[in-house]
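Dear colleague,

I am handing over the structure below, and after it I describe what was found. Please keep it open beside this email while you read.

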Amino acid sequence: MSGERRLRIIGRLADGTGGGVGGTRLCDVCRDITRLTGAGVMLMSGDLPLGSLCTTDAVSAVIEDLQYTLGEGPCVDAHHLGRPVLEPDLADPAVLRWPAFSGMAVGSGVRAIFGFPMVVGGVRLGAVNFYADRPGRLTDDQHADALVMADVAAEAVLAMQVDGSEEVLADELERGSNFQYVVHQAAGMVSVQLDMSVGQALLRLRAYAFARQRPLAEVAVDVVARILRFADEDG
Amino acid sequence: MLARTLVALADNLVADFDVVELLTLLTDRCVDVLDVTAAGLMLASPDGDLRVVASSSETARVLELFEVQANEGPCVDCFRSGEAIVNVDLEQVDGRWPLFGAKALEAGFHSVHAMPMRLRKQTIGALNLYRVHQGRMTDTDVVAAQALADVATIAILQHRTVRDAQLLNEQLSQALNTRIVIEQAKGVVAERADLDMEAAFARLRRHARNNNLRLADVAQSISTKTLLVTSLDP
């Protein structure tokens, strides 16, 4: 069914919380939707780790810490390669994928680990990691859910970087703003107008739309139509 | 001409071919080889919804986006049924696609066709063909259009990295993301060189072609500002 996975994820993000879609909820949904042991969201910028947005449990927290400290692991690879990195059996001696990370992660109780990158066009935000306490491949269904989940997480991360955006996040996820190409054309234009990266321009557009309570896509259309310029705009 | 196009498509199937690149070439060649004005192509995301991945012109692209949003039109029907839809006269489709029909006429198109991108039971997307004039597409053209769609489909499904459903999904997901990078790069070029989106896209593609680079790579360099708009071929 069209968009069914996405709707299920957004539905889960929306329930159970009175107070918006925070980071913790995001990680819980990552775990629940894939029915794995735990999950975490790692934020990265270029080669630099920016920190952990959330983890579901102590083991996930260790997974992220190890990757920050050692500079290797599934999320680091997924972030750099821009595609999922799947390790169904971390303890398999035939595969020495991450010399330092693997042994320590197994020692903490991780047997299978999967990193899914969070990307929005040319903007790389980090990766979601999913782990299981027993070895095994992801089913096709879990894999498809994880891909869609990483997309939703990327949108959520972008939106969270704008103040007060939790309220609009749910609405925006529903609209799937990231799939509206005009938003990206506008981000490209604004990045030139304000001499910043496309990622920063996306944030700026969101902040502008949020402050004026207008849908992001509508603001983007104005930018592309050259009705709105950000050059001397404070928004 | 058709043979040359098939060779060109096959030529693109090097070890690490890019899906968006291949499909953009496909839509372009449809316009060259077939008696059609514009072409657009949609692929299903891992979530099963259609996304516009390539188009021969900005007009076709906007129309395709509209089709996805309105959730009606030839590509949508073709993808759902897995069957080709040919020679639909847009003046007579009121009941079938009320929103899409009006929009397509407004854009100057009078007939549409859609070919499934299908291998056995798996449909991964659909190719839309638009004509400004009425009248039927010749049988030869219909066969050729389906052949072009088939080559692209097989290429995607048989790609060496696509061994199973998971890898296919990853590749489709990457293709959709490449499309976003291209939109971002179009914005950068449009603003810097004071062009509309259509001209900005043409500029990116010309540069990629002239320098034997992948469109996806040129777009990535432009969007991250590692390649300056002023360095693009005019």
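Helices and strands here are DSSP runs, a helix having at least four residues and a strand at least two, and they are numbered from the N terminus. Counted in that way, chain A has 10 helices and five strands. Please bear in mind throughout that this is a predicted model.

Staying with chain A as a whole, 51% of its 235 residues are buried. Of the contacts in chain A with a separation of 6 or more, 60% are between residues 24 or more positions apart.

Next come the helix pairs. Two packed helices are described by the angle between their axes and by the distance between those axes.

In chain A, helix α9 (residues 198–211) and helix α10 (residues 216–224) have axes that come within 9 Å and cross at roughly 115 degrees. Since angles of 65 to 115 degrees count as roughly perpendicular, α9(A) and α10(A) are therefore described as roughly perpendicular to each other. The crossing in which α9(A) passes α10(A) is right-handed. On the α9(A) side the contact is made by A:Leu205, A:Arg206, A:Tyr208 and A:Ala209, and on the α10(A) side by A:Leu216, A:Val219 and A:Ala220. Sorted by class, this contact of α9(A) with α10(A) has six nonpolar residues, one charged residue and no polar ones.

In chain B, helix α8 (residues 197–210) packs with helix α9 (residues 215–223) at an angle of about 120 degrees, and their axes are 9 Å apart. The residues in contact are B:Leu204, B:Arg205, B:His207 and B:Ala208 from α8(B), together with B:Leu215, B:Val218, B:Ala219 and B:Ile222 from α9(B). By class, the contact of α8(B) with α9(B) has six nonpolar, one polar and one charged residues.

Lastly, there is the place where the chains meet. How many residues does the contact take from each chain? It takes 28 residues from chain B and 30 residues from chain A. Within chain B, α7 (165–193) and α9 each supply at least two residues of the side that touches chain A, and α7(B) gives the most, with 18 residues. By class, that side of chain B has nine nonpolar, 11 polar and eight charged residues.

With best wishes

How values were computed: Residues numbered from 1 in each chain as written. Chains lettered and ligands numbered in written order. Predicted model: local features only at pLDDT ≥ 70, side-chain atom pairs only at ≥ 80, totals over all residues. Axes fitted to C-alpha atoms, helices over the stretch in contact; angles between N-to-C directions. Contact = placed C-beta atoms within 7 Å. Nonpolar A, V, L, I, M, F, W, Y, C, P; charged D, E, K, R; others polar. Parallel < 35°, antiparallel > 145°, perpendicular 65-115°, else oblique. Left-handed = near helix turned anticlockwise from the far one by under 90°. Buried ≥ 20, exposed ≤ 12 C-beta atoms within 10 Å, placed from the backbone.
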